[in-house]
Amino acid sequence: MNPDKKRLRRTMMFLNAQKPALIKDPYIYRPDSLMLDLEDAVAENQKDAARFSLYHALKNIDYRGCERVVRINGLETPFWQEDIRCAVAGGCDAIRLPKTESAADVKRVESAVEEAEKEFSIPEGKVLIMAAIESARGVMRAMEICEASERLFGIALSGGDYTKDLHTHITGTGIELMGARQNMVIAARATGVQCFDTVYTDLDNMEGFRQDVETIHLMGFDGKSIVNPRQINIVHEIFTPSEKEIIFSEKVVREIDRKRAEGIGVFTVDGKMIDIAFYDGAKRTIELAKASGVYKGDL
């Protein structure tokens, strides 16, 4: 398995791949992933120019550890196959498929990625896939989409198109997204892939954005798509474990390791009843703290 499937992805910042000024140095803002967009951000008569810009950026810019994901055009367009060839040849880390509605959609992209890796002598399995879910049908098929490919590292909600399909609109309350969000998180957790929330476009309402991020963090999402560098620090702050959470998780891991060796299954830590079911969650908190750069312990 590609080790990057499980990397930290709290923030995924969208950038128009056609605009050199946007894609030359976005790593300075330190998002976890960059979403280099060939789809909605690029007019139809500018697709070739966008690919040219993308290819040379991928080849020549050191993105300082930021993951480079390329959003291709949809499978219903004549552009997506050349998008994949360009992105893979340039050395991207992953492909984002928009408007995913079935496992078959993912498999079509997987096949094209495999062919491109062979064509451009890229190590087999290097390029990962993520699937954007943008319709009611896609939400209902989230489980099969998650299981479609070993390359697939996660699914992402695209709220604008989804709410149109649902005959509603983005309200800022999150009510219209709740069903899709919960269904997608459950499918992702059941299949061991990551899950990412939709963008929040009201840049004048940073308090609303913070509340939105706190909601999806509590729901179990791994991260959020963003459209502006101002949003990065808020997401990273909310998704980084607190010192109190880290200390408690360390205690849980150490106690479970010790009690398990003694044959003890249930015990207390700081007055809270603990058993083996808490182990994976505590380990995940520590791993997240390590990835976020705040862990100082030795586990």
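## Cysteines without partners

A disulfide is a pair of cysteine sulfur atoms within 2.5 Å. In this predicted model, a search of the whole structure turns up zero disulfides.

Let's look at two cysteines to see why. For cysteine 66, the closest cysteine sulfur belongs to cysteine 92 and lies 15 Å away, which is too far for a bond. Cysteine 195 has its closest cysteine sulfur in cysteine 146, at 7.3 Å, and that is also too far for a bond. Both residues are tucked away from the surface: cysteine 66 counts as buried because its relative accessibility is 8%, and cysteine 195 counts as buried at 0%.

## Helix 4

Helix 4 runs through residues 103–119, and at 1.5 Å a residue its 17 residues should span 24 Å.

After the helix comes serine 121, with a positive phi near 55°.

## Helix 9

Now try the check on helix 9, residues 206–219. Its 14 residues should span 20 Å at 1.5 Å a residue, and the end C-alpha atoms are 20 Å apart, which agrees.

Here the buried residues are Gly208, Phe209, Asp212, Val213, Ile216 and Met219. They cover an arc of only 135° around the axis, so they sit on the same side of helix 9. An α-helix has 3.6 residues a turn, so residues three or four places apart point the same way.

The buried residues of helix 9 pack against helix 8 (178–191), strand 7 (194–197), strand 8 (223–226) and helix 10 (232–239). Just after helix 9, glycine 220 has a positive phi of about 110°.

Terms used. Residues numbered from 1 in each chain as written. Predicted model: local features only at pLDDT ≥ 70, side-chain atom pairs only at ≥ 80, totals over all residues. Heavy atoms only, no water. Buried < 20%, exposed > 50% of the residue type's maximum accessible area, 1.4 Å probe, protein only. Helix = DSSP H or I, 4+ residues; strand = E, 2+ residues; numbered from the N terminus. Expected span 1.5 Å × (residues − 1). Arc of directions from axis to C-beta. Contact = heavy atoms within 4.5 Å.
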